[in-house]
Amino acid sequence: SVAFSPDGKSVVSCSEDTHIKMWNSVTGAEVWESPGQPACHVAFSPDGKLIVSGSRDTLVKIFHADTGAELCTMRGHLDSVTSVDFSPDGKRVVSGSEDGFVKIWNATTGTELWSSGRHDDPHSPAYLKPVNTVAFSPDGRQIVSGGSQDGIVIESAETGTEDSPTTGHSDQVFSVGFSPDGKRVVSVSED
């Protein structure tokens, strides 16, 4: 995954070679590298000062964007973290994982605020379905997620209460996002 900083001057990337790298987007020069991070997904905070990563090692980490210094590690997922995003105010992080859970974290302390799982049967944790993608709404009040459950789920960012499940896909959902006004959701599926 790759992401531009909000000011467009930097790009952060992660790859299978277990490196997170920061690049100068104008010159293409590498600014810093954080080795040993089997990251799957990266995102900038809205102010561009922090980076969040989700990794195959089940961890969510926050780094200082200028130096690459690791500031916080969040533990709680049981499988690869496939998607991460900052809330619009930069105070929370959402993560989705192959373990079937969406989690909200305090971006400063790393404390888990809530967690919800994707199930065929909501009463049986044996039927968890992987989460491939997560995103905050522009106002930070909702989260949309998608995965192998053949649809997307919109839930409250405060409580994890499901606001509206949707259908329409016949296969895995790989990417989701809110419109700038927060009134619509777009999704991409393997179907």
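In this report, a residue is called buried when its relative accessible area is under 20%, exposed when that area is over 50%, and partly exposed in between, the calculation using a 1.4 Å probe and protein chains only. By that definition E158 is exposed, with a relative accessible area of 57%.

The model is predicted, so that local features need a pLDDT of at least 70 and side-chain atom pairs count only at pLDDT 80 or more, while totals for chains, interfaces and linings use all residues. Residues are numbered from 1 along each chain as its sequence is written, and side-chain values use heavy atoms, with hydrogens and water left out.

## Overall picture

The protein holds zero helices and 18 strands, where helices (H or I, at least four residues) and strands (E, at least two) are DSSP runs numbered from the N terminus. Its radius of gyration is 16 Å, close to the 16 Å that the globule rule gives for 191 residues, so the protein is as compact as a globular protein of that length; the radius is taken over C-alpha atoms, and the rule is 2.2 Å times the number of residues to the power 0.38. Taken along the principal axes, the box filled by the C-alpha atoms is roughly 50 × 35 × 35 Å. Of the 191 residues in the protein, 48% are buried. Among the contacts with a separation of 6 or more, 37% come from residues 24 or more positions apart, a contact meaning heavy atoms within 4.5 Å.

Strand 5 pairs with strand 6 (residues 50-55) in the antiparallel sense over five bridges, and A39 has S55 in strand 6 as its bridge partner. Strand 6 is joined in turn to strand 7 by five bridges, again running antiparallel, with L50 standing opposite H64 in strand 7. The hairpin of these two strands has four residues between the strands, and in this hairpin T58 takes a positive phi near 80°. Strand 7 (residues 60-64) is mostly covered, since four of its five residues are buried. Strand 7 and strand 8 pair antiparallel over four bridges, and F63 has E70 in strand 8 as its bridge partner. The hairpin of strand 7 and strand 8 has five residues between the strands, and there G68 takes a positive phi near 85°.

## Salt bridges

The structure holds four salt bridges, each being a side-chain nitrogen of Lys or Arg within 4 Å of a carboxyl oxygen of Asp or Glu. The table describes some of them.

| K21 and E30, 3.8 Å | K21, buried, 19% | E30, partly exposed, 38% |

E158 lies in the loop between strand 15 (152-156) and strand 16 (162-165), and R92 in strand 10 (residues 92-97), so the pair ties together parts that are 66 residues apart in sequence.

## The surroundings of N132

N132 is found in strand 13 (residues 131-136) and is buried, with a relative accessible area of 15%. Its side chain makes a polar contact with the side chain of Q172 at 3.1 Å, where a polar contact is a pair of N or O atoms within 3.5 Å; within protein, one must be able to donate a hydrogen and the other to accept it, and residues adjacent in sequence count only if both atoms are side-chain atoms. A polar atom of the N132 side chain also lies 3.0 Å from the backbone oxygen of V173. Leaving aside neighbours within four places in sequence, N132 is in contact with T82, S83, G146, G147, S148, Q172, V173 and F174.

Note on methods
Pairing = 2+ DSSP bridges.
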